[in-house]
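Please read the points below with the model open beside them. They go through the core first and then the helices around it.

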Amino acid sequence: GVLVPRLAEIKHAVGGDNATYGTAIAIGGMGALLGNFLGSRLVHRIGSRRTARFSIVLLLTSNVANALVPTVTLLAVVAFTNGLTYAITNIAMNSQGVLVEQGLKRSFMPKAHGYWSLGAMSFAVISSLAAPYISPLSALSIGAAVALVGFQYGSHYLLATQHEDLP
């Protein structure tokens with residue numbers, strides 16, 4: 001959520017024409033595609049709890065890296081990493097949601113996705129309002145710090161691997 005309002009500033013910082021910049025950002029989709037395959041393997045191998053714990057840190061780090069890249073080529077690498085880590089985190093968290101639904105014996109995922117969207121939208125609005133006053137690096141760093149603190153608090157409630165139904 002924090003990144004989107006800052007994309008124009010990042011485009012200006014890395015240079016390049018619209019097509020090159022658009023291609024660099026679109027490479028994130030390739031990372032997400034690979035992340036979907038890797039994420040499911042990781043969840044089955046080490047469990048969704050451990051996968052979520054390391055992937056969220058990588059996701060937040062790669063998100064901040066958007067404000068640090070000096071070239072369009074490096075932006076493409078960061079976009080790929082963002083897509084990869086977002087997909088892995090998404091799979092791990094959705095796996096946790098399935099476990100919660102099984103424990104509750106009722107639907108939970110629509111609410112979880114709603115809260116995720118509300119958080120992303122809230123961060124985007126805050127980032128937009130802060131744009132005239134702080135740099136993209138500051139905005140992304142603050143957003144990452146807030147998200148990491150929230151995740152570290154909430155990660156204590158993730159279900160442990162032994163509760164997962166692994167093949």
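Leaving aside its neighbours within four places in sequence, which residues is Leu-140 in contact with? Point 2 takes this up.

1. On the source: this is a predicted model, in which local features need pLDDT of at least 70 and side-chain atom pairs count only at pLDDT 80 or more, while totals for chains, interfaces and linings use all residues. Residues are numbered from 1 along each chain as its sequence is written, and side-chain values use heavy atoms, with hydrogens and water left out.

2. Leu-140 is in contact with Val-2, Leu-3, Ile-10, Asn-63, Val-64, Asn-66 and Ala-67, leaving aside its neighbours within four places in sequence. Contact means heavy atoms within 4.5 Å.

3. Leu-140 is also one of the residues with the most contacts inside the largest nonpolar core, together with Val-14 and Leu-75; this core has 24 residues. A nonpolar core is a set of buried Ala, Val, Leu, Ile, Met, Phe, Trp, Tyr and Cys residues joined through side-chain atoms within 4.5 Å. Buried means under 20% relative accessible area, exposed over 50%, and partly exposed in between (1.4 Å probe, protein chains only). Two or more residues of this core come from each of helix 1 (7–14), helix 2 (18–46), helix 3 (48–65), helix 4 (72–104) and helix 6 (136–154). Helix 4 gives the most, with 6 residues. Helices here are DSSP runs (H or I, at least four residues), numbered from the N terminus.

4. Helix 6 has 19 residues and reaches 26 Å from its first C-alpha to its last, close to the 27 Å expected at 1.5 Å a residue. The expected span is 1.5 Å times one less than the number of residues. The buried residues of helix 6 are Pro-136, Ala-139, Leu-140, Gly-143, Ala-144 and Phe-151. Seen down the axis of helix 6, these fall within an arc of 125 degrees, so they line one face of the helix. The arc is that of the directions from the helix axis to the C-beta atoms. As background, an α-helix has 3.6 residues a turn, so residues three or four places apart point the same way. Val-149 and Tyr-153 are exposed on the face of helix 6 turned away from its buried side. The cover over the buried residues includes helix 1, helix 3, helix 4 and helix 5 (109–130).

5. There are 2 aromatic pairs in the structure. In one of them, Tyr-153 and Tyr-157 have ring centres 5.9 Å apart and planes at 70 degrees, so the pair is edge-to-face. Rings of Phe, Tyr and Trp (its six-membered ring) pair if their centres lie within 6.5 Å; planes under 30 degrees apart count as stacked, over 60 as edge-to-face and the rest as tilted. Both Tyr-153 and Tyr-157 are exposed.

6. Asn-63 is found in helix 3. It is buried, with a relative accessible area of 18%. Not counting residues up to four places away in sequence, Asn-63 touches Leu-3, Asn-82 and Leu-140. Helix 3 itself has 18 residues and reaches 25 Å between its first and last C-alpha, close to the 26 Å expected. What covers its buried residues includes helix 2, helix 4 and helix 6.

7. In helix 5, Met-109, Ser-127 and Ala-130 are buried. They cover an arc of only 95 degrees around the axis, which puts them on the same side of helix 5. Pro-110, Lys-111, Tyr-115 and Leu-129 are exposed on the other side. Helix 4 and helix 6 are among what covers the buried residues of helix 5.

8. Ser-127 has a relative accessibility of 3% and counts as buried. A polar atom of its side chain lies 2.9 Å from the backbone oxygen of Val-2. Beyond four places in sequence, Ser-127 is in contact with Val-2, Pro-5, Arg-6 and Ala-139. Pro-5 sits in the segment before helix 1 and, at 27% relative accessibility, counts as partly exposed.

9. Lys-105 lies in the loop between helix 4 and helix 5. Its phi is positive, about 60 degrees, although Lys-105 is not a glycine. Lys-105 is exposed, with a relative accessible area of 73%.

Methods
Polar contact = N/O pair within 3.5 Å; in protein donor to acceptor, adjacent residues only side chain to side chain.
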